Amino acid sequence: MTAKGFTTTALHLDRWAKPEHGAMHKPIHTSIAFGYENAEDLAAIFQGRQKGFAYSRQANPTVQALENRVTAFENGIGSVCFATGMAALGAIFFAFLKRDDHIVSSEFLFGNTASMLSTLEQIGVSVTFVDATNVEKVREAITPKTRLVLVETIANPATQVADLERIGDLCHQRNLLYVVDNTVTSPYLYQPKLAKATFSVNSLSKYIGGHGAALGGSVTDCGVHDWSNDPGIFEGYKASTAVEQWGLVQLRRKGLRDFGGTLSPEAANTLSLGSETMALRLERSSDNAQKLSEFLASQKAVVEVNYPGLSTHPQHALAKRLFKRPSALLSFALDDKYDPIAFMSSLKVVVNSTNLGDTRTLGIAVAPTIFFELGRERRAAMGIREGLIRISVGIEDIEDLLADFAQALQNLG
Ligand SMILES: *Cc1c(COP(=O)(O)O)cnc(C)c1O
């Protein structure tokens with residue numbers, strides 16, 4: 001972060017970079033390619049001797065403005081944006097892993113990320129899933145082949161909080177890539193750099209964009225990892241760039257240019273606009289989530305409420321110490337005798353939807369939808385009850401949210 005506060009920076013960062021015509025927002029540059037009068041300039045850009053744009057799959061001015069924004073939010077040294085959060089995660093694996101490498105991953109994982117890791121296993125990368133709330137489980141799983149450790153700050157949907165700092169110290173000692181998915185906290189609530197993360201990953205589709213109106217993902221190099229000792233950097237990148245930049249150069253070339261999950265300038269603009277109000281939205285939605293989780297915990301029909309802001313949450317103290325607020329994701333389980341699908345259908349303000357981080361409150365019955373593909377056994381291992389309901393709390397008036405849940409609970413009879 002620059003010397004200014006989070007929201008001041010979010011509002012003025014584009015302008016400080018002196019965009020065209022004194023614009024308040026970085027304009028949308030839709031050009032795929034960029035032309036030069038002097039052929040030497042284009043050659044210099046290709047060779048990294050000169051800053052500039054050549055082809056928008058790899059870099060684009062509007063997307064770059066968003067990358068600078070995410071870097072400021074994360075207090076990192078640079079960021080690369082992608083078409084989606086999944087493309088961002090995939091790019092890291094694609095750019096930095098090779099056959100026979102080993103990943104230690106949290107077992108409390110976004111469903112599509114778990115699915116992607118199972119795909120990696122088919123192409124010769126092995127994965128060990130561990131309880132990442134306990135650093136000792138991570139330590140035990142590390143082998144001489146381990147290259148990367150992956151965790152989420154607050155896991156979705158059961159809200160386990162990873163032992164972020166201890167795992168970071170461990171990765172730092174062992175020179176492992178430490179990838180922290182910061183999506184559920186967002187850089188307003190937490191900066192993974194504080195836990196010595198190599199990369200902080202965000203699905204920009206969620207709290208950063210904030211309005212459910214554009215997909216995007218980002219990877220930020222937190223400036224902590226020692227790339228000079230890293231066995232995964234291509235020799236060809238070493239001569240032409242400063243050692244601190246090696247990770248970013250490889251991520252941009254192998255992970256973005258070659259992998260091709262490029263963010264469109266139109267989406268980058270929508271995400272940038274949304275990010276201006278990130279702090280306001282997260283303060284409000286965290287307030288709402290706290291009140292809603294307390295209300296749900298007081299209900300007879302509710303047998304479990306997961307929210308790091310509740311004193312009953314196993315990592316409540318840790319979450320309180322690490323995060324500015326406990327964020328706005330919660331989950332709860334109804335008594336087995338009730339049908340979670342029928343319950344969800346009786347909600348009127350809350351939208352039945354799979355997304356999270358929207359301004360609107362969204363809810364979904366977890367087992368029959370987002371975690372259906374994993375099967376009952378894997379769900380149980382991940383701590384997911386069959387009746388679990390996930391709520392991404394929005395910024396509505398809290399009275400309306402409480403009234404909606406109260407009427408739906410009454411409907412259960
Ligand atoms: C949504 C999400 C992703 C994937 O992001 P997309 O932008 O939807 O591809 C990754 N990790 C977490 C924790 C998420 O919630």
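1. What is the length of the polar contact that joins the side chains of E304 and N306? In this predicted model, the E304 and N306 side chains are joined by a polar contact of 2.9 Å. The side chain of E304 also makes a polar contact with the side chain of R385, at 2.3 Å.

2. E304 belongs to strand β8, which spans residues 302–306. Its relative accessible area is 18%. Because buried means under 20%, E304 counts as buried.

3. The ligand site is described next. There are 13 residues around the ligand, and those that come nearest are G85, D181, S203, S205 and K206. By class, this shell has 7 polar residues, 3 charged residues and 3 nonpolar residues.

4. A polar side-chain atom of S205 lies 2.6 Å from an oxygen atom of the ligand. For D181, a polar side-chain atom is 2.7 Å from a nitrogen atom of the ligand. M86 takes part through its backbone: one of its backbone N or O atoms lies 2.9 Å from a ligand oxygen atom. The ligand on its own has 370 Å² of accessible area, and the protein covers 91% of that.

5. As for the location of the ligand, the space that the ligand takes is the second largest pocket.

6. Two loop residues remain. L215 is placed in the loop between β6 (199–203) and β7 (217–221). Is L215 buried or exposed? Its relative accessibility is 54%, and the cut-off for exposed is over 50%, so L215 counts as exposed. L215 and P157 are 58 residues apart along the chain, and their C-alpha atoms are separated by 20 Å.

7. D336 is placed in the loop between β9 (329–334) and α14 (340–345). With 69% relative accessibility, D336 also counts as exposed, because the value is over 50%. How far apart are the C-alpha atoms of D336 and L388? The separation is 9.8 Å, for two residues that are 52 residues apart along the chain.

Notes: Residues are numbered from 1 along each chain as its sequence is written. This is a predicted model: local features need pLDDT of at least 70, side-chain atom pairs count only at pLDDT 80 or more; totals for chains, interfaces and linings use all residues. Side-chain values use heavy atoms; hydrogens and water are left out. A residue is near a molecule or strand if one of its heavy atoms lies within 4 Å of it. A polar contact is a pair of N or O atoms within 3.5 Å; within protein, one must be able to donate a hydrogen and the other to accept it, and residues adjacent in sequence count only if both atoms are side-chain atoms. Accessible areas come from the Shrake-Rupley method with a 1.4 Å probe; for residues, only the protein chains shown count as cover. On a 1 Å grid over the protein atoms alone, a cavity is a set of points where a 1.4 Å probe fits but cannot get out, and a pocket is an open set with protein on both sides within 12 Å along at least five of seven lines; lining residues have an atom within 4 Å of a point. A molecule sits in a cavity or pocket if more than half of its atoms lie within 2 Å of its grid points. Ala, Val, Leu, Ile, Met, Phe, Trp, Tyr, Cys and Pro count as nonpolar, Asp, Glu, Lys and Arg as charged, and the others, Gly among them, as polar. Helices (H or I, at least four residues) and strands (E, at least two) are DSSP runs, numbered from the N terminus. Buried means under 20% relative accessible area, exposed over 50%, partly exposed in between (1.4 Å probe, protein chains only).
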